[in-house]
Amino acid sequence: AGIPVTRALYTLSRQVENPTLRNALEGIVRDVEGGMNLSDAFGAYPNIFSDLYISMIRTGETGGILEKSLIRLSEQLQKEKILKEEVKSAISYPRTIAIFAVVIFFAMLIFLVPIFEGFIPKTTHTPAITRFVFGLSESIRSRYYIWFGAMVAVSSAVVAFAKSKKGHDLWEHFKLKMPIFGPLILKSVIARFSRTLATLLEGGIPVVQALESAGPTSGSDVIANTVMLAAKQIEEGKSIASTLEESGIFPPVVTHMIAVGEESGTLPVLLDKIAEFYEQEVETSTKTLQSHIQPIALILIGVLIGGMLISLYLPIFTAVTEVGF
């Protein structure tokens, strides 16, 4: 609308409710008024503004197309947010159900099992599964400190291993190949990478620099490392499609469309098409996954809780049979 950048940023800072963002915008206004480039001023807050954000501002600033770059950036961030929410919605339901099932299971072991155990005569024959449930309940109640210490130790070990480089690398490879959720995560990662790369190329950023910026924003270290390697090979004269195809991570449809885009000079357009395709795939897969997971989760909870109840009622039925029938 022709408003100077500093005034626009100051106006935005007055409207922002988040104090951290408000302070950052006020700091950017002071830096720009002091003579700093807009991209450098934003770059002083890397915890708020990503590399993609800074690169797009720098490109728009250099090419005199800042408004277009910001509009393109806002579209990218909105679509990325929708994509993340779809993936989270697919994963959150089974995680919630699993936590609920575990809580119910332990609550029954601690509070319900002792009540049933008091109802059963000592002379009654107790099935093996019932003895196991009784023993587990007694162990948790009388040696809770050992169980608690063991859970803390195991959790700490898992967290420490996950934070290590080896553990992190193993998890990054595993999550792309694990059943059910692996394909969904891979599709979302490819969609995010393609959309980001298209945005950077559309903004006029050179191919190698665009790849180096788009890789880390994909959300997967496997993709990021593959793209960084591809960037080095492109500097040696190879094409983007051939380097990505050699990695074996990107599906053929992606590498073929990138190859066509390179040959025809329409790479940003085709990358956008790839992103749209996989975003739609993620949306469809999410809905399908949720429709399948809900009944499966309910069945598993039924089996877990029902199995425990059956193990508790078996000796009661046995006692009644021995006494009256």
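Analyst: Here are the terms, each set against its rule. Keep in mind that this is a predicted model.

User: How do you know how the protein chain stands against a compact globule?

Analyst: By its radius of gyration, which is 28 Å. A compact globule of 325 residues would come out near 20 Å. The C-alpha atoms fill a box of roughly 95 × 45 × 35 Å along the principal axes.

User: Why are helix 6 and helix 7 called roughly perpendicular?

Analyst: Their axes cross at roughly 85 degrees. The label covers 65 to 115 degrees, so this pair is roughly perpendicular. Helix 6 spans residues 128-142, helix 7 spans 144-163, and the axes come within 4 Å.

User: What makes this a contact, and which residues make it?

Analyst: Contact requires heavy atoms within 4.5 Å. Helix 6 brings L136, S139, I140, R141 and S142. Helix 7 brings Y144, Y145 and W147. By class, the contact has 5 nonpolar, 2 polar and 1 charged residues. Tyr and Trp count as nonpolar, so Y144, Y145 and W147 fall in that class.

User: What volume does the largest pocket have, and which residues are closest to its centre?

Analyst: About 670 Å³ of space lies in the largest pocket. Of its 23 lining residues, A8, L9, L12, L66 and L70 are the closest to the centre. Helix 1, helix 2, helix 3, helix 4 and helix 5 each supply at least two lining residues. Helix 5 gives the most, with 7.

User: How do the residues of that lining divide by class?

Analyst: The lining of the largest pocket has 20 nonpolar, 2 polar and 1 charged residues.

User: Which residues line the second largest pocket, and how do they divide by class?

Analyst: The second largest pocket holds about 290 Å³ of space. Its lining includes K84, K88, R95, K175 and R192. Lys and Arg count as charged, so these residues belong to that class. The lining divides into 4 nonpolar, 2 polar and 5 charged. Helix 5 and helix 9 each supply at least two of its residues. Helix 5 has the largest share, 5 residues.

Methods
Residues are numbered from 1 along each chain as its sequence is written. This is a predicted model: local features need pLDDT of at least 70, side-chain atom pairs count only at pLDDT 80 or more; totals for chains, interfaces and linings use all residues. Side-chain values use heavy atoms; hydrogens and water are left out. Axes are lines fitted to C-alpha atoms, for helices over the stretch in contact, and angles run from 0 to 180 degrees between N-to-C directions. Angles under 35 degrees count as roughly parallel, over 145 as roughly antiparallel, 65 to 115 as roughly perpendicular and the rest as oblique. On a 1 Å grid over the protein atoms alone, a cavity is a set of points where a 1.4 Å probe fits but cannot get out, and a pocket is an open set with protein on both sides within 12 Å along at least five of seven lines; lining residues have an atom within 4 Å of a point. Grid points are joined across faces, edges and corners, and a volume is the space filled by probe spheres set on the points. The radius of gyration is taken over C-alpha atoms; the globule rule is 2.2 Å times the number of residues to the power 0.38.
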